[in-house]
Every structure is written in C-alpha cells, then in structure tokens.
Amino acid sequence: MAEPGQNLKINGERLWDSLMEMAKIGPGVAGGNNRQTLTDEDGEGRALFQKWCEAAGCTMGLDTMGNMFARREGTDPEALPVYVGSHLDTQPTGGKYDGILGVLGGLEVIRSMNDLGIRTRHPVVVTNWTNEEGTRFAPAMLASGVFAGVHTEDWAYARTDAEGKTFGDELKRIGWRGEEPVGARRMKAFFELHIEQGPILEAEGKDIGVVTHGQGLWWLQVTLTGKDAHTGSTPMNMRVNAGLGMARIIELVHTIAMDNQPGAVGAVGQANVYPNSRNVIPGRAVFTIDFRSPDQAKLDGMRARLEAEAPKIAAELGLGIEIEAVGHFDPVTFDEGCVSAIRNAAERLGYSHMNIISGAGHDACWINKLYPTAMVMCPCVDGLSHNEAEEISPEWAAAGANVLFHAVVETAEIVS
C-alpha cells in the first residue's frame with residue numbers, strides 16, 4: 001500500500017479559520033459555544049458544514065437520525081469508503097474544539113486532497129454524528145449508537161429534553177431528518193480526530209495521542225429515601241437524613257476507585273437533595289455515580305462493590321435505597337491496523353507521540369463495534385474540556401489533522 005510522502009500536509013491556517021468561523025454560530029457567554037443538538041444553532045452549523053463540503057466537491061448524505069455524510073468519490077465505485085468525522089454539537093457551556101475539530105479536520109483532509117490532486121481507490125466520507133454530547137437528549141453518542149444497533153430509532157426519537165420536547169420532533173423541526181435508513185452504510189474503516197479532554201499529552205510534552213483503548217463506563221443512579229424534617233427541632237438521633245447517606249456513599253465511590261488503581265476512576269457529578277431548603281433535613285437524595293475503566297473486570301467489580309456496600313450504609317441510617325444503571329458501555333479496544341496507521345503517520349511526520357486511553361466516550365466507540373476504527377488525539381490546555389475556556393493551539397490542531405490526513409489517505413489507497 002502506498003504511503004503519502006512526508007511533504008504532504010494539510011493547510012493548517014485554513015483549518016483554524018474554519019474552526020473560528022464555525023465558533024461564530026451559537027456563541028457562549030464566556031468565549032466558547034452553546035450549540036446544543038437539534039437547536040436552531042445546530043441547524044445553522046450543519047448548513048455551514050454542508051456548504052463547505054459541497055464547495056469541496058462532495059455529495060451530502062443524510063440519514064433518519066440526522067447524521068451527515070459528505071462523500072468524495074474514489075476511483076473504484078465498488079470500494080468500501082473510509083470514514084472520518086466526529087460531531088458539531090456542543091455542551092451548553094462548551095468549547096470551540098470538542099468534536100468540531102474532528103469534523104472540520106475531516107473536511108480539511110478532503111480540501112487538501114483536492115489541493116494536492118490526490119486520488120484514492122476508496123471514497124472518503126466526512127461524518128457529523130448527531131447528538132454526541134447527550135446533554136439535551138440523553139444518552140450521549142445517541143445517533144452513532146442507533147447506527148451501531150445499540151439503540152432503536154424509535155427509542156431515540158422518544159428521548160425528551162428538559163422541556164419535554166422529543167428528539168424526533170426537534171430533528172424534524174430544524175429540517176435535518178433525512179430519508180436514508182440509519183445504519184445502512186458499510187465502511188472500510190473509521191477514524192476520529194479529537195482533543196484529548198485530559199491533561200496527559202500536554203504534561204508529557206507529546207504532539208499526538210495514539211488512542212489504543214477507550215474506557216468502559218457505568219452510570220448508576222442512586223435514590224435514597226428518608227424523612228423531611230426541621231433542621232432545628234429534630235433531635236440528631238431521630239433523623240433519617242438522605243443527605244448524610246449521599247455523603248457517605250460519595251465517600252465510598254472515591255474509596256472504591258482508589259482501591260482499583262491504576263486504571264480506574266469514579267465520582268459523583270450530578271446530585272440533588274429534596275426539598276432542597278435551608279432548614280429542612282433532606283428526605284430524598286438522587287445522584288449519579290460515574291465509574292470508568294479500560295479493564296472490564298475492574299469496571300464490573302466497582303459496580304458490584306457499590307451495589308453490595310451502599311445498601312449497608314443506607315440501612316445503618318434507616319434509609320430506603322434504589323440503584324439503577326442508567327448508562328453503560330464496555331471498554332473498547334481499537335483496531336490494530338487503524339491504530340498502526342495513526343502511529344506510523346505520526347512517526348513519518350516527525351511528531352512526538354504516545355499511546356493513550358480515551359477517558360471519555362466518543363462516537364468511534366460505537367462504530368468500533370461494526371468496523372475497524374481508531375482515534376487520534378491532540379493536547380488541550382490544562383486538559384480542560386466541556387468548558388468555555390477549552391483551548392488548543394493552531395499547531396496542535398494542524399498536527400492532529402496531518403496525522404489524520406496521512407492515516408486516511410493511506411487506508412483509502414492512493415492511486416496518483
């Protein structure tokens with residue numbers, strides 16, 4: 001298989017300009033973006049992406065989940081396409097690069113192929129997956145999950161936001177529901193460029209992260225039921241305090257994760273007590289535990305220990321307890337051939353690199369269930385993401401896109 005030469009690189013300035021232009025749509029309040037899925041702003045961002053893709057000579061496909069597929073033809077109409085992409089939707093207080101770099105980096109691959117007159121045997125398709133973030137409509141990675149057969153389309157359409165609006169209705173409302181059956185496409189391979197969303201690459205001084213695995217995840221929603229009572233007039237020995245139970249279980253979560261080091265994390269990031277009044281002892285607490293590990297045994301073991309020990313804490317305090325699994329995916333091992341293509345590209349281009357495990361979930365994790373898949377990561381400042389202060393440098397963006405470019409065109413087989 002022919003390898004692209006070291007001198008073949010993307011146009012870093014054009015990539016950066018595209019990132020900044022997209023960031024003008026759905027600006028946040030503190031320099032980032034609020035372009036949540038299926039909002040008017042999402043529709044506007046999609047329209048800009050389509051305009052750019054068509055200007056680059058691509059044809060746009062759209063499936064019934066709103067996934068967008070910009071195709072550059074190959075020389076062999078029967079050859080399976082090489083796919084590349086990520087997502088354009090953001091958190092409510094999101095940055096300008098999470099997901100967007102992967103979509104616009106893929107577009108830059110197409111533009112650079114055009115500039116350099118590169119033809120490939122296999123078509124190359126740039127993808128924007130719908131609702132990767134899962135903030136407005138849970139869960140995350142929703143449309144790629146339907147594509148991969150993890151969720152049904154009817155179930156996804158019925159997901160509701162905080163205002164009770166459904167995913168299906170909002171997809172139609174913004175005009176981005178296609179006719180193509182979701183999941184009908186076949187792929188030779190899928191590549192996703194993403195910012196790390198963690199501090200490792202910057203701390204290690206590496207240009208590129210070669211993603212070999214993705215962490216698995218359990219989200220466990222815990223509901224504790226006690227008794228609302230006055231904080232001033234209820235004796236300490238007569239309280240049934242759901243807030244206290246939550247505090248002790250949060251401490252247990254930390255202990256479980258620490259006891260499974262290295263390669264495991266756990267925390268509670270969402271927590272609510274009721275009635276949430278200053279002078280009322282909480283009679284109910286609802287919170288979600290997030291356990292992650294690339295090791296299946298550790299991941300399942302952490303859940304099992306939590307489910308064994310948390311009820312004991314509740315019983316000691318006289319609390320009722322319910323534990324419900326509300327999110328899950330198994331650890332991911334990415335395709336060795338695709339991972340090697342990324343590693344070889346980094347070496348060919350002279351970039352410092354290291355193997356890395358993705359701490360976050362990505363659309364690539366679902367596509368990996370169906371087709372050979374891998375990810376390439378670039379650093380982000382202080383590891384900060386899901387925050388309007390999220391930042392990368394133009395040089396980091398260009399390095400990641402260059403590695404993506406080489407891995408994609410090599411896999412798509414250069415013919416001239």
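Of the contacts in this chain with a separation of 6 or more, 80% are between residues 24 or more positions apart. Keep in mind that this is a predicted model.

On to the overall build. The chain holds twelve helices and 15 strands. Along the principal axes, the C-alpha atoms fill a box of roughly 80 × 45 × 40 Å. As for burial, 54% of the 416 residues are buried.

Helix α1 covers residues 12-22, and helix α12 covers residues 394-412. The two pack at an angle of about 110°, and their axes are 9 Å apart. Angles of 65 to 115 degrees count as roughly perpendicular, so α1 is roughly perpendicular to α12. The crossing of α1 past α12 is right-handed.

Which residues make the contact? On the α1 side they are G12, L15 and W16. On the α12 side they are P394, A397, A398 and A401. Sorted by class, the contact of α1 with α12 has six nonpolar residues, one polar residue and no charged ones. Gly counts as polar in this scheme.

To recap the pair: α1 and α12 meet at about 110°, in a right-handed crossing, through a contact with no charged residues. That is the end of my part.

Note on methods
Residues numbered from 1 in each chain as written. Predicted model: local features only at pLDDT ≥ 70, side-chain atom pairs only at ≥ 80, totals over all residues. Heavy atoms only, no water. Axes fitted to C-alpha atoms, helices over the stretch in contact; angles between N-to-C directions. Helix = DSSP H or I, 4+ residues; strand = E, 2+ residues; numbered from the N terminus. Parallel < 35°, antiparallel > 145°, perpendicular 65-115°, else oblique. Left-handed = near helix turned anticlockwise from the far one by under 90°. Contact = heavy atoms within 4.5 Å. Buried < 20%, exposed > 50% of the residue type's maximum accessible area, 1.4 Å probe, protein only.
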